[in-house]
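Open the model in your viewer and keep the selection tool handy. We will go from a pocket to the helices around it.

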Amino acid sequence: MEGLKLKKEGNQPPVMALGLYIYPSPSPPNPFPSSTPYNGNKPPPQLLFLMGATAYWLAEHPAIVGFRWSPTHLWFSTWAFLLGFLASYVALCLAFDAFLGAALRRRKALPLGPVPAAHALLMAAVSAAIFAGTLLSAVAEIRDTRWSWLGRSRTTPFRWLLCFPPGTRSSGRVFFWSYAYYLSRYLHAARGVFAVLRRRRGAAARVFAHAASIAMAFLWLEFSQSFQVLAILASTLAHAVAFGFRFWVGAGLPAARAARAAPVALACHLALLGCNLACHVGVVWMHFSVVGGGCSGIGAWVFNTLLNGALLWVFLHCYGKRGVCDDGGSARADSTDKKEL
């Protein structure tokens, strides 16, 4: 009997020759038949194309790479508009809440139909897109600027996520998605209007919370505030989960009744507060003891901390009392009250 020999003819895969019989060499099957040869050690070409297209549209598009925060060329980017909107939003919501309280002696909610569920679906989709874009953009920024950190500073990717170097300008990929997050806060503010129309307890506190959220997102861009990348990632991930759950329950999808008992909004709130607290501690530590020169936007960070304290008060106000609970999709002591995130 002849020994085992490997033969290869042209572009055909190698074969094993044993005696008078020829057996093809074992190779992984091609789950995606196409004109492109499949290599078992690499992802299929269709997946590579999808990944490349996603990375391009979320992190490499010229509009994203060349983004620059400018009060004269972008929507809603001036102090005058911000202050005017916040004053009008808070005043109108409080006035309408007082009017409904006088016109409706009982806490009777106005019917909103499928609007809250549709809004929850939109917010879940927007939050998921911003999360993916911010994540890919942060990876791309670290890849492109990492070389400049060598020998000039002790900056590392982790420190960059928590503490921008002094002099950082609001331009580039991550600030594009920070601007997208800032715009999404106006869409999110509709939850305060829903709370007023539904006659929720603590509606005024929720209105102020949404106003504070818009102000914080504006400060991130205006002063290139540190740690905003991690804050956006945590916030959008929590909102994608919470609003997706609200849509599921609000649309009456299968098993929605059983899912109402799940404290999804409470879990998202706690996770978000814990992440914010850890980030604030990390910024203080790096600004005063680790990174030379401090962190960018530390003055805005102080004001941001005060606003986060106000948001914590809203959280305790809404969850610390019986009958004032949640988001339309978690456990509640009073079936007539829901907390809008």
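Start with the lining of the largest pocket, which by class has 15 nonpolar, 12 polar and four charged residues (Ala, Val, Leu, Ile, Met, Phe, Trp, Tyr, Cys and Pro count as nonpolar, Asp, Glu, Lys and Arg as charged, and the others, Gly among them, as polar). This is a predicted model, where local features need pLDDT of at least 70 and side-chain atom pairs count only at pLDDT 80 or more, while totals for chains, interfaces and linings use all residues. Residues are numbered from 1 along each chain as its sequence is written, and side-chain values use heavy atoms, leaving out hydrogens and water.

Which residues lie nearest the centre of the largest pocket? Select Leu-272, Leu-273, Asn-276, Asn-308 and Leu-311, which are among the 31 lining residues. A pocket here is an open set of points on a 1 Å grid over the protein atoms alone, where a 1.4 Å probe fits, with protein on both sides within 12 Å along at least five of seven lines; lining residues have an atom within 4 Å of a point. The volume of the largest pocket is about 620 Å³, counted as the space filled by probe spheres set on the points.

Now colour helix 6 (173–188), helix 8, helix 9 (228–250), helix 11 (264–290) and helix 12 (298–319), each of which supplies at least two lining residues. Helix 12 gives the most, with eight. Helices are DSSP runs (H or I, at least four residues), numbered from the N terminus.

Next, show helix 6 with helix 9: they pack at an angle of about 40 degrees, with their axes 11 Å apart. Axes are lines fitted to C-alpha atoms over the stretch in contact, and angles run from 0 to 180 degrees between N-to-C directions. The two helices are therefore oblique to each other (angles under 35 degrees count as roughly parallel, over 145 as roughly antiparallel, 65 to 115 as roughly perpendicular and the rest as oblique). On the helix 6 side, pick residues including Phe-175 and Tyr-181; on helix 9, Ile-232 and Phe-243 are among the contact residues (contact means heavy atoms within 4.5 Å).

Move on to helix 3 (residues 79–103) and helix 8, whose axes come within 9 Å and cross at roughly 175 degrees. They are therefore roughly antiparallel to each other. Among the residues that meet are Trp-79 and Phe-85 in helix 3 and Phe-208 and Ile-214 in helix 8. This contact has 16 nonpolar, one polar and one charged residues.
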